[in-house]
Amino acid sequence: MASIYQSIEILSKEKGVDAHVILDAVKDALMVAARKHFRTEENMAVDFDPKSGAILLFIVKNVVDEVVDKVNELTLDQARKLDPKAEVGGLVRIPKSAEALGRISAQTAKQVILQKVREAERENIFAEFSGRVGDLLHCTIKRIEGQDMVVDLGKTEARLPKKEQSRLENFTIGDRIRVVIKSVEKTGKNAGVMVSRASPDLVQRLFEQEVPEIYDSTVQIKGCAREAGERTKIAVHSRDRDVDSVGACVGMKGMRVQSIIRELRGEKIDIIEFSEDIATFATHALSPARITRVAIVDPIERHMEVIVDDTQLSLAIGKKGQNVRLAAKLLGWHIDIKSEEEKRQEVESQMAAVMAPGAPVSILIDHGLPEGLAELLIGSGIGTVEKLGSMTPEDLAAIEGIEPDSVETIQSSVISYYQQFEAQAAPPPPQEFVGGMPIQPPLGVAPQAPLPAEAEEMPAVETEGSPQAEAEAAPVEDAAEAEAAGEPAEAPSFEAGEAPEGAAEPSQTSEEEAVADSTQPESDTIKDSE
């Protein structure tokens, strides 16, 4: 039995668990095995002989005046038969042989011991690594389980899940890598240590190792946003005016940042200068795109709008929205990117909505619409007569609270409203006549009535005694002779009431004669010019 005690000491050194913890685990396991073997519910205790390492098994019972629980209690007389020194309220220990425990009991004890040891190991691991979340560690790939990897941290193992790996990386068993501690769980499905190669903390820890100014806090890392295997944006700020924060991270000829890029297997890194002004910081975060202006939409909800030139829109958004997505993570703000053309169209549409004409629905009250019905329409979002007129009877009936009779009332009031405009646009009344003669306008004002189509097609009609009438009295042959002699012939004209042969006699009203008289001087002027 001494070999069991020695095994406890060896196991304690291998697992890094206190020997007393393992000893208590063995005692609990032996008690569970003994209860199953003896098939009893009595309280039991286990001790170890410190000299020989032998296991001592006892049944423990309470000494009482009156027995209530026959399994775990004894009277004083019964107790003194076993132990003369027993007193009321004390305990009596009855020895049991541990050699009676068989193979099944040993197997049960083994399972309990292993479980207790694993729990002790988890406690130790949690106590050691729980305060080191985000720290950089060197480890070795120990084995690959599906898409996940198990790495060796020295004292314990850690899991490297697929989601915490970069798509650019491909490791094999035995490779040494650098990881950061992502989380430490004591119990549950993810119990143990989880490490990561896709966390932004890895980039920050690598910069702290490569850049002395960051290590001594001259340059501070204000934020980091990362999409593993694609791109990383890191914001830095210098506490010393003489130290360039971006230049310190880049290094001479880019040596510092190139070392980090090699560790990340070629991942792109954007180093951005931090600014307390959120608009300036947003301009830097969206680089390499050139930003036209930044507008803060809602400072409480952290919402901003960024306007860029039309040619810079795709560059600001990035491949599959990557650039603006990383910038939003870095700033912690919601970013809306719009081009100049999109913003202009948006402003125009807003102005058009504000300036849109429309008569309020309340004006229909004057045309027979009940006030209660008007309030119901306004409450339903129908505020203008134009919108109401564009709705079908089915649309109106679908509004809650409007009956079929109300639909007819609404339509009649809308029709009445539009009829007033039709009345205003009606043509003027016809000219009145007195005694067969039209009423003449005031002196010096010519009537504006249009001429009939036949009168417009006919030549100007001249009255007798005018120079044009005398010229028209000449025979047509004179015009032909003049044309033959090479002289321009005058256009033929006719006396009032005459018409050329074969032509229909135009109907001349007294009103048309008045028009002809008023236009006679203009015809004389045209004839003189010819």
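The following dialogue works through selected features of a predicted model.

Student: Why is cysteine 139 called buried?
Tutor: Buried means under 20% relative accessible area. Cysteine 139 is at 1% relative accessibility, so it counts as buried.

Student: What makes cysteine 224 buried or exposed?
Tutor: The cut-off again is under 20%. Cysteine 224 has 17% relative accessibility, so it counts as buried.

Student: How many disulfides are there by this rule?
Tutor: The count is 0. A disulfide needs a pair of cysteine sulfur atoms within 2.5 Å.

Student: What makes S10 and S12 edge strands?
Tutor: The open sheet has 3 strands, in the order S10-S11-S12, with mixed pairing. S10 (219–227) and S12 (268–273) each have a single partner strand, so one side of each lacks a neighbour in the sheet. On average, neighbouring strands here are turned by 20 degrees against each other, direction ignored.

Student: How do you know that S11 and S12 pair?
Tutor: Pairing requires at least two bridges. S11 (residues 231–238) and S12 have 6 bridges, in the parallel sense. Within that pairing, valine 236 has glutamate 273 of S12 as its bridge partner.

Student: Which helix lies across S11 and S12?
Tutor: Helix H9 (residues 278–285) does, running at about 155 degrees to S12.

Student: What is the span of H2 set against?
Tutor: The expected span is 1.5 Å times one less than the number of residues. H2 (residues 19–38) has 20 residues, and 28 Å is expected. The helix reaches 28 Å from its first C-alpha to its last, close to that expectation. Its buried residues include Ile22, Leu23, Val26, Leu30 and Met31. Just after H2, arginine 39 takes a positive phi of about 50 degrees.

Student: Why is S14 called largely enclosed?
Tutor: In S14 (residues 303–308), 6 of the 6 residues are buried, so the rest of the structure largely encloses this strand. Both faces are covered. His303, Glu305 and Ile307 are buried on one side; Met304, Val306 and Val308 are buried on the other.

Student: Which strands are joined to S14?
Tutor: S13 (residues 291–298) is joined to S14 by 6 bridges and runs antiparallel. S15 (residues 334–339) is joined to S14 by 6 bridges and runs parallel. There, valine 308 stands opposite serine 339.

Student: What do S13 and S14 form?
Tutor: They form a hairpin with 4 residues between the strands. In the turn, arginine 302 has a positive phi of about 55 degrees.

Terms used:
Residues are numbered from 1 along each chain as its sequence is written. This is a predicted model: local features need pLDDT of at least 70, side-chain atom pairs count only at pLDDT 80 or more; totals for chains, interfaces and linings use all residues. Side-chain values use heavy atoms; hydrogens and water are left out. Helices (H or I, at least four residues) and strands (E, at least two) are DSSP runs, numbered from the N terminus. Axes are lines fitted to C-alpha atoms, for helices over the stretch in contact, and angles run from 0 to 180 degrees between N-to-C directions. Contact means heavy atoms within 4.5 Å. Buried means under 20% relative accessible area, exposed over 50%, partly exposed in between (1.4 Å probe, protein chains only).
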